[in-house]
Amino acid sequence: MKQNSNLVLCVDDERIGLEVRKILLERAGYRVLTASDGPTGLAIFSTEPVEAVVLDYSMPGMHGGEIAIQMRQTKPQVPILLLSAYIGLAPEVTSVVDLYMTKGEGAPVLLEKLGSLLQPIS
């Protein structure tokens, strides 16, 4: 398995989903930080050398689109993969992130899309 040590931040209010995603990404070789809400995710994002974000859309307080907008203001170059149980999010949300996928697409698609975001541009 290809090892990489990219630092990924996962933000999701669902504890079990967050833990499963963390294990999946660590097994794929990523270093993973987690946050269970938007404000915590933004604090980690601003202080750690995060190289990509896996962000849940539906969370209490701040939804993923609001979090992504603030992340873009801090570090616009960091790729953001937005996850949602919903199909067809509004363009004003999807235009702020690099990629969007539904949670139902599964782990292999998540790893593939995250990997594509972290590929060096040739």
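**Exercise 1. Which residue in S4 does Asp56 stand opposite?**

Solution. Some ground rules come before the steps. The model is predicted: local features need pLDDT of at least 70, side-chain atom pairs count only at pLDDT 80 or more, and totals for chains, interfaces and linings use all residues. Residues are numbered from 1 along each chain as its sequence is written, and side-chain values use heavy atoms, with hydrogens and water left out.

Step 1. Find the strands. Helices (H or I, at least four residues) and strands (E, at least two) are DSSP runs, numbered from the N terminus. Strand S3 covers residues 52–56 and strand S4 covers residues 80–84.

Step 2. Check the pairing. Two strands pair if DSSP finds at least two bridges between them. Here 4 bridges join S3 to S4, and the two run parallel.

Step 3. Read off the partner. Asp56 stands opposite Leu83.

**Exercise 2. Describe the sheet and the helices packed on it.**

Solution. 

Step 1. Write the order. The open sheet has 5 strands, S2-S1-S3-S4-S5, with parallel pairing.

Step 2. Name the edges. Strand S2 (31–35) and strand S5 (99–102) each pair on one side only.

Step 3. From one strand to the next it averages 20°. Axes are lines fitted to C-alpha atoms, for helices over the stretch in contact, and angles run from 0 to 180 degrees between N-to-C directions.

Step 4. Contact means heavy atoms within 4.5 Å. Helix H3 (residues 64–74) touches strand S1 (7–11), S3 and S4, and its direction makes about 155° with that of S3. Helix H5 (residues 107–117) touches S1, S3, S4 and S5, and its direction makes about 175° with that of S5.

**Exercise 3. Which pattern does the chain follow along the sequence?**

Solution. 

Step 1. Count the elements. The chain has 5 helices and 5 strands.

Step 2. Read along the sequence. The pattern is β-α-β-α-β-α-β-α-β-α.

**Exercise 4. Why does the radius of gyration agree with a compact globule?**

Solution. 

Step 1. Set the rule. The radius is taken over C-alpha atoms, and the globule rule is 2.2 Å times the number of residues to the power 0.38.

Step 2. Compare. For 122 residues, a compact globule would have a radius near 14 Å; the chain has 13 Å, so the two agree.

Step 3. Along its principal axes, the C-alpha trace spans about 35 × 30 × 30 Å.
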